[in-house]
Amino acid sequence: MSSVVPISADVVIVGAGPAGLTAAITLADAGVEVVVLDRLAAGANTSRAAVVHARTMEVLDELGIASTLHDLGIEVPHFVLHDGTRRLARIGFSELPTEFPYTLMVGQETTEAVLLDRLHRAGGAVLRPYEVTATIPGDESVTVEYTDTAGTSGTIRARYVVGADGMHSRVRTAAGIGFTGSTYPESFVLADVRMQWPSSREEVSLHVSPEGVTVVAPLPDDEHNRFRVVATVARAPEQPTLDQVQNLLDARCPGARVHEVLWSSRFRVHHRIADHYRAGRILLAGDAAHVHSPAGGQGMNTGIQDAALLGSLLARVLGGEPDTLLQDYERARRPIALGVVRFTDRMTRMATLRARPARALRNAAIRIATRVPAVRRALAFRLAELATR
């Protein structure tokens, strides 16, 4: 693909993560001249966000790539909540009103590769590595200033700019949009491992304990028992080792035998949301618009759904419909993000209760509530993000 940036475009998208790629595909399919700039020399090469929920699969199916992604992932039809070795609740997705009644576990590097291939087939490309240094709004256009890998500066003028450039979005900052929220005191361990695990590979396991939240989920590669481990700890090491992951699992969900750490990292988690999704001709999507706890695996999914709607609305406006149509984007998507932030925050705080009486009360309430089929179905519906249709 060409690395030459044109001097103008209908839309410039800053950031080529899942949200940016989804918006670009939607626009390219509609015949919109779209340019995607990304500061990284290559896309995601680690699994990072590994959960794709039913509603996101529906969105990707509209782009014609759900079946491709499905074949590269693993269906997980159950979500199980534990306190130590005790099972508190089991939520199933098989009866949900969707063609995708499961959670698909697949690494973010695979999701991005499928999206990028689809963008290429639509005639688009990602220009890398281009560092956006300024976004200057005007009445009729937005000027994007950038520096390429050789240090050469340039500009491109666009009718609209989409900031999909992550939590530390320069586009959001340039637009003067606040990012309200705070940071969890704990840090998170993230590791892809090969291990023997006592639970079925047909379930995502969430373990609650005074020490923190631990999530274990299967990843593709049944033969080698590959799993994703996510856990809160007071101070996570920069790159958790096999012994550190094994000790963590021994303390919180006994029965695992870790054979190899394929990749590991640590990160801090914020729960923040942009005060607005639009400032004139600048709009936000994905992590530039909202970030939250990984509990429930909602982040990437919400961003992809943001981008699909934003791309379709921008295509309609650029096709001649009134600019006021873009007001529907924030009205539709920001309340959803607020709900996701509240939901994942409650899950995180509930899971990390330390006082024994509070934990006993929580466990009893969960057991009683989830004996009711309607409650289990409502939780499955919420986790699958089908309420966002």
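Reader: Is Val 106 buried or exposed?

Author: Val 106 counts as buried because its relative accessibility is 1%, where buried means under 20% relative accessible area, exposed over 50% and partly exposed in between, with a 1.4 Å probe and protein chains only. Please keep in mind that this is a predicted model, in which local features need pLDDT of at least 70 and side-chain atom pairs count only at pLDDT 80 or more, while totals for chains, interfaces and linings use all residues. Residues are numbered from 1 along each chain as its sequence is written, and side-chain values use heavy atoms, with hydrogens and water left out.

Reader: Where does Val 106 lie, and what is it in contact with?

Author: Val 106 lies in the loop between β7 (103-105) and α4 (108-121); helices (H or I, at least four residues) and strands (E, at least two) are DSSP runs, numbered from the N terminus. Leaving aside neighbours within four places in sequence, Val 106 is in contact (heavy atoms within 4.5 Å) with residues including Val 52, Leu 69, Leu 72 and Pro 220. Val 52 is 54 residues away from Val 106 in sequence, yet their C-alpha atoms are 7.3 Å apart in space.

Reader: OK, switching to Asp 38: what does its side chain make a polar contact with?

Author: The side chain of Asp 38 makes a polar contact with the side chain of Arg 128, at 3.1 Å. A polar contact is a pair of N or O atoms within 3.5 Å; within protein, one must be able to donate a hydrogen and the other to accept it, and residues adjacent in sequence count only if both atoms are side-chain atoms. Asp 38 sits in the loop between β2 (34-37) and β3 (51-52), and it is buried, with a relative accessible area of 9%.

Reader: And how many salt bridges are there in the whole structure?

Author: A search of the whole structure finds 18 salt bridges, each being a side-chain nitrogen of Lys or Arg within 4 Å of a carboxyl oxygen of Asp or Glu. One of them joins Arg 118 to Asp 29, with the closest N and O atoms 2.6 Å apart. That pair links distant parts of the chain, since Arg 118 is in helix α4 and Asp 29 in helix α1 (residues 18-29), 89 residues apart.

Reader: Which of those two is buried, and which is partly exposed?

Author: Arg 118 counts as buried at 11% relative accessibility, whereas Asp 29 counts as partly exposed at 42%.

Reader: What about Asp 306, which residue does it form a salt bridge with?

Author: Asp 306 forms a salt bridge with Arg 333, the closest N and O atoms being 2.8 Å apart. Asp 306 is in helix α7 (residues 299-318) and Arg 333 in helix α8, 27 residues apart, and both Asp 306 and Arg 333 are buried.

Reader: Last topic, the domains: what area is buried between domain 1 and domain 2?

Author: The domain assignment, which is automatic or from a database, gives domain 1 (8-50 + 107-178 + 275-347) and domain 2 (182-270). About 910 Å² is buried between domain 1 and domain 2, with 63% of it from carbon and sulfur atoms; buried area is the accessible area (1.4 Å probe) that two parts lose on being put together, summed over both. Helix α8 (residues 327-351) gives the most to the side of domain 1 that touches domain 2, with 3 residues.

Reader: How many salt bridges are counted between domain 1 and domain 2?

Author: The count between domain 1 and domain 2 is 0 salt bridges, although 2 residue pairs are in polar contact across their interface.
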